[in-house]
Structure formats: structure tokens, C-alpha cells
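Try each task before you read its solution.

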Amino acid sequence: MGSLEAHVNGFRYETSSAQPHIDVAYENIKCAFFRAGDDKIPPLLHLHLHNQIILGTEETNNINFRSEATLVGQIDEGNKDLQDFVDKVTNMWDSKPILTNLFESSEYEFHGFFPTKVRAVFALTSRFLVELVETNPIVVKLDEIEIVNLAQLRPNEIDMTVVFGDFSRDVLEINSIPLESLAEIKHCLNYANVKYYQNERDLNWNEEVKKFRDSPQKFIMEGGWESLNLEAGDASDCFYWEEYGGLDEEDW
């Protein structure tokens, strides 16, 4: 338990325990997220940092502040308090190089499972794919993504695979997403100009990325991602950046 204070040049988190306070300079904040609480997740403020800081004995670039509210009335009050706090801080950030991404509507959120079988709540916004509740939060900028594959391998579920533009990174897999979330996910990807495929292919994506990384010219000569037959048979199921004023196909 503690209190979060907003100062001229950064945040300070104070506790009543013997633990030292935590300072976060505004200039070190890469992006910030605010989520209103509900009956499953408390109100939270998440900071994603450029440079790691030490929390306890570990280094991290993700810091999560949560309200302890549990009852409905407490959650509503906690949401209001946190919203007021965020609004005041945002006004201070007008001249700072910080992006504030606020998402309160559940239409951007969907449930899925990590490959470890841990269930989590993900949010796909206009700029980010995030998961902020579990022990190791995920914050992915959508412009870091090469492609997304949406595979329906089971009835009423889809598996999402995120392949990064940095091919040294392992892919991000989110499994067993309810099929009713598909339309909103596709809408968000379209809005962000992220190329995606929709199909029924079950691939070892880390192996496919390794092939590209080891022999990029061969991979491109063989047709790139299209060589994997990812399209579902309808051109409308595969979206390209040039449709929205971005890259031309030859740039791929």
C-alpha cells in the first residue's frame, strides 16, 4: 500500500513501509495506460519505460499501480479518483515527449491464453497490443509488427500469432480467443495499418521466422509470407498497407 504523487518532473511512489520510495522521471516514460476497473480487474495505471529501473531486486521497464478497491461502490470511486489523477497529470504532459493512451471501453479488450495456459485480458488499441494484469506485462507497439496471423483451428476460437519486424524476437502467441472478438481485432489492425492473414493454418511460427532470418533473400524470392499459403482463399481476408495509403506491395 502506498500513494502515487505527480511532481513537476516525474512520479514518486511512497509507502508506509521501510522500503525506499520509487521515482520515475517523465522523460523515461515511453507510454502510459489507464484502465477503469470492473468486477474482475481493479483500476490501474501502467507505465512502460524507455530504460529499466530497479524494483526490489529486479530490473524492469513496466510498472503497474492498482487500486485496492474490491466492492462495486469502491471500484466506482477508485475509477473516478484515478481518472481525475490521470487528467491532471495529462495536463502537465502537454510539453513532454510522452504518449498517453487511455482505453476504458471493453470493446478493445479480449480474452486469450498464453502458450503456458495462463488466461489473460488483452487490449488492442490504435497504437498498442497490451496485457497489463499478469506478472509480466506485455506492451507491443503496433508499428513493431511485421504481420499478424489469425488462425481458426477449433470451433468458435482463433489463435493470434504476432510476428515482429525484428526477426530476432520470438513470436507472440495468444491462443483460444473467442471467435466473437475477431471482428473487433480485425478492425483495430486495419485502423493501425497492420498486415494480417486469416486462415486455418497451424504452423511453427518461430521456425518460419528463423528461415527468414537465416536466408532472407531466399525467403523473399520464394514469395515471402505468401509462400506459406496464409490466405483463406478470399483476397478480402488479407489486408495490405497500400490499401490505406501506406507502403506499396513492392516495399515488402
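**Exercise 1. Aromatic rings**

How many aromatic pairs does the structure hold?

Solution. A note on the source comes before the count: this is a predicted model, in which local features need pLDDT of at least 70 and side-chain atom pairs count only at pLDDT 80 or more, while totals for chains, interfaces and linings use all residues. Residues are numbered from 1 along each chain as its sequence is written, and side-chain values use heavy atoms, with hydrogens and water left out.

Step 1: apply the rule that rings of Phe, Tyr and Trp (its six-membered ring) pair if their centres lie within 6.5 Å, with planes under 30 degrees apart counted as stacked, over 60 as edge-to-face and the rest as tilted. The structure holds twelve aromatic pairs.

Step 2: take one pair. The ring centres of Phe 212 and Trp 225 are 6.1 Å apart and their planes stand at 15 degrees, so this pair is stacked.

Step 3: locate the partners. Phe 212 belongs to helix H3 (residues 205-214) and Trp 225 to the segment after helix H4 (216-221), so the pair ties together parts 13 residues apart in sequence. Here helices (H or I, at least four residues) and strands (E, at least two) are DSSP runs, numbered from the N terminus.

Step 4: check burial, where buried means under 20% relative accessible area, exposed over 50% and partly exposed in between (1.4 Å probe, protein chains only). Phe 212 and Trp 225 are both buried.

Step 5: widen the view. One aromatic cluster is formed by Phe 167, Trp 205, Phe 212, Phe 219 and Trp 225.

**Exercise 2. The largest pocket**

Which residues lie nearest the centre of the largest pocket?

Solution. Step 1: set up the search. On a 1 Å grid over the protein atoms alone, a pocket is an open set of points with protein on both sides within 12 Å along at least five of seven lines, and lining residues have an atom within 4 Å of a point.

Step 1: read off the lining. Of its 20 residues, Gly 2, Phe 65, Arg 66, Ser 67 and Glu 68 lie nearest the centre. The volume is about 540 Å³, taken as the space filled by probe spheres set on the points, with grid points joined across faces, edges and corners.

Step 2: assign the lining to elements. Strand S1 (2-6), strand S5 (44-55), strand S6 (58-66) and helix H1 (72-92) each give at least two residues, and H1 has the largest share, with six.

Step 3: sort by type. The lining has ten nonpolar, six polar and four charged residues; Ala, Val, Leu, Ile, Met, Phe, Trp, Tyr, Cys and Pro count as nonpolar, Asp, Glu, Lys and Arg as charged, and the others, Gly among them, as polar.

**Exercise 3. Strand partners**

Which residue in S6 is the bridge partner of Leu 45?

Solution. Step 1: two strands pair if DSSP finds at least two bridges between them. S5 and S6 run antiparallel and are joined by eight bridges.

Step 1: Leu 45 has Phe 65 as its partner in S6. Between these strands is a hairpin of two residues, where Gly 56 takes a positive phi near 70 degrees.

Step 2: look at the other neighbour of S5. Strand S4 (residues 29-35) is joined to S5 by six bridges in the antiparallel sense, and Phe 33 has His 46 as its partner.

Step 3: compare another hairpin. Three residues connect S1 to S2; five bridges join S1 to strand S2 (residues 10-15), again antiparallel, and Glu 5 is partnered by Arg 12.

Step 4: finish with a parallel case. S12 and S15 pair over four bridges in the parallel sense, with Asn 149 opposite Tyr 197.

**Exercise 4. Positive phi**

Where is Asn 156 found?

Solution. Step 1: recall that most residues other than glycine have a negative phi.

Step 1: Asn 156 is in the loop between strand S12 (145-154) and strand S13 (157-164). Its phi is positive, about 65 degrees, although Asn 156 is not a glycine, and the residue is exposed with a relative accessible area of 55%.

Step 2: Asn 229 also has a positive phi, near 55 degrees. Asn 229 lies in the segment after H4 and is exposed, with a relative accessible area of 55%.

Note on methods:
On a 1 Å grid over the protein atoms alone, a cavity is a set of points where a 1.4 Å probe fits but cannot get out, and a pocket is an open set with protein on both sides within 12 Å along at least five of seven lines; lining residues have an atom within 4 Å of a point.
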